[in-house]
Amino acid sequence: MSFPWAKPYEPKHPLMKWMDEKLPIPRLVYNATGPGYPVPRNLNYFWNFGVLAGAALMIQIITGIVLAMHYSANVGVAFNSVEHIMRDVNAGWFIRYAHMNGASMFFIVVYLHIFRGLYYGSYKAPREMVWLLGVVIFLLMMATAFMGYVLPWGQMSFWGAQVITGFFSAIPIVGEPVRQWLLGGFVPDNATLNRFFSLHYLLPFVILGVIILHIWALHIPGSNNPTGIEVKDEQDTVPFHPYYTAKDGFGLGIFLLVFVALTFFSPNMLGHADNYIPANSLSTPAHIVPEWYFLPFYAILKAFTFNFLWIDAKLWGVIAMFASIALLFFLPWLDSSPVKSSTYRPLYRWFFWVLVADVLLLGVCGMMPAEQPWVILSQLGSIYYFAHFLVILPIVSRIERPLPMPNSITEAVLAKHAPDTVSGPAAA
Amino acid sequence: MVRPLGFLVGLGFIAALVLAIFTTPLSNEPNVAYSFVKHPRHVKLASDGLVPHWDKAQLQRGMQVYKEVCSACHSLNLVAFRNIQDLGYTEGQVKTFAKGFQVPSINPDTGEVATRDGLSSDHFPAPYANDVAARAANNNAIPPDLSLITKAREGGKDYIYSLLTGYQNPPANLPAELKPGTGLHYNPYFSNLNLAMAKPLADNQVTYADGTKASVDQMSKDVTAFLVWTAEPKLVKRVQVGWAVFFFLLIFTVLAYLSYRNIWADKKH
């Protein structure tokens, strides 16, 4: 499961020896995140985001458990119980704002983690399973975040639940019964709120379980790295501890500084004013908009405005929105290039950055009302999104001529530090 | 197998989108009201920014405006009398203040509906017994609860201040269909341009104990400041705690960076 030169765990203290015989948890930790796990020496700061996502999940679980001690999942009192937390519970305002913005921070680091994977080809063999489990985590996160947003039972909670569960009613014949079954009624009501609370409490622990599988699957081939070249020998690696624990400690500090700035200085910046109005089934907000992390997908949903073939526009939108995430499951096989890192993929690199711009554009479109030019921009953006993964990527990976690659990670590192004799005397 | 199938699926989505582009009109339906709606005017309060504090004199004046004007129609359900100690009142003053209100209760002997003097632990009583009564008294529009109003509207405090000071006669070029109907009042800061609430404030409507001149602008600012406090009584504390946490983490991060550099000093990467 690890490289042959990995430092073996040798307990010295009698207690640790005793523990190692009975329940070798210290051995597990040592070999997974300690000196016993060799990691490529050349990881850049983009490799911090996995640990940060884990930290974000732990913050969500801890703040969430405390919130659940004070929150009441009943449509009559849910809204006021959140305000009770904000006003009367000791440090309740802090716990609630941390949980609210913690969700945003979790998505920020996970999106950076995903795009890191896309740029450096971390989804390719031998790490396909790591990627697949990652997509599962992403889907679980989306479900959890959506249900969490419903819990304060504000206007956006209620109408968000109405719109999102409405996706299912686009399915012919079974759609409406399925929607009613999911909601436990004809509209979001107490049954909905209760089950969403139950599932919102459950799913983070499911995510935790899948994260353990994600890390397990990662530790079999070991981490990818910015060159995309696999580890060849001992000098390509450093032990995880202390090298990457130290680097992750610094990354965690930066992450927490941003988190704190958001939570304490501008806690409602990423939220919607409407969610401070109690849910009212008789009054629809002027613009129903999901949380920012769903906006690109919401834009894809809204981009389909034409009944094409025998499928109506709404169903096209729903299928496309789910497909836009589901296609990530096939990514390791859509991209047939053996070269992982975009550093050596001159053509793919361009399309990668166009995809980044495209997703940002879709995010803006998702936030805007259904007016021009946002409709056409979201349509063009959606075209590129699907074209990128399903058309461009398979073609590019076939026709692209990769740049010359170093023979090993160490060679790449040493080349970077070698005096530059080509570009002039200044480097010497 | 994956690639040809993916290619076909991709072409399907692209075809549906291309057709959608050609069948969606490129011009928007004109919305005349947009051109009359104004962006909220900025109002500066002591509770703004990164070093906020509560201007207690202003909050007290704002509460006076709420009590003497707004509370005739608007509830303040989330605020308890005990909370106004934050505004600089003593415990005794709060008790006396609470006593001035009658709150719904039951007769302890007969169980019949009754009222009693307010206690510090009571919340501000609502002006109407229920939504039906609120509608009936207000041209079919329920006056919203004000506890969270500065957080519950786009534009926040600026919006509330602008709305209170923004009442005016409709402009001459306003199309007939946008003119205020019976029982409605023109205000360009309101998204529909016409709202059911009549201009609530007039100069010298309240008499401030501290001698501040009660202009419409002053009263609007004061009540806005008060409603910023009701929406988030922990706002100032939040930012203060934030700085302490921020500097703590800044020191942690600097130390973490130095140890990172130290550990990697002998390793090229």
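An unreviewed UniProt entry carries the annotation "binding site" for B:C70, B:C73, B:H74 and B:M197. These residues are spread over 128 residues of sequence, yet they cluster in space, with a largest C-alpha distance of 10.7 Å. UniProt positions follow the numbering used here, feature names are shortened, and annotations may be inferred rather than shown by experiment.

This is a predicted model, in which local features need pLDDT of at least 70, side-chain atom pairs count only at pLDDT 80 or more, and totals for chains, interfaces and linings use all residues. Residues are numbered from 1 along each chain as its sequence is written, while chains are lettered from A and ligands numbered from 1 in the order in which they are written.

**Two cysteines of the site in chain B**

- B:C70 sits in the loop that runs between helix 3 (56-68) and helix 4 (91-99) of chain B; helices (H or I, at least four residues) and strands (E, at least two) are DSSP runs, numbered from the N terminus.
- B:C70 counts as buried because it has 24 C-beta neighbours inside 10 Å. A residue is buried if 20 or more other C-beta atoms lie within 10 Å of its own, exposed if 12 or fewer, and partly exposed in between, with C-beta atoms placed from the backbone.
- Not counting residues up to four places away in sequence, B:C70 touches B:V65, B:L146, B:P200 and B:V223; contact here means that the C-beta atoms of two residues, placed from the backbone, lie within 7 Å.
- B:C73 also lies in the loop between helix 3 and helix 4 of chain B.
- B:C73 has 21 C-beta neighbours inside 10 Å, so it counts as buried.
- The contacts of B:C73, leaving aside neighbours within four places in sequence, are B:P127, B:N138 and B:P143.

**An annotated histidine in chain A**

- The annotation "binding site" from an unreviewed UniProt entry also covers A:H219.
- A:H219 belongs to helix 9 (residues 190-219) of chain A.
- Because A:H219 has 17 C-beta neighbours inside 10 Å, it counts as partly exposed.

**Chain A as a whole**

- Chain A contains 16 helices and two strands.
- The radius of gyration of chain A, 24 Å, is close to the 22 Å that the globule rule gives for 428 residues, so the chain is as compact as a globular protein of that length. This radius is taken over C-alpha atoms, and the globule rule is 2.2 Å times the number of residues to the power 0.38.
- Along the principal axes, the C-alpha atoms of chain A fill a box of roughly 70 × 60 × 45 Å.
- Of the 428 residues in chain A, 45% are buried.
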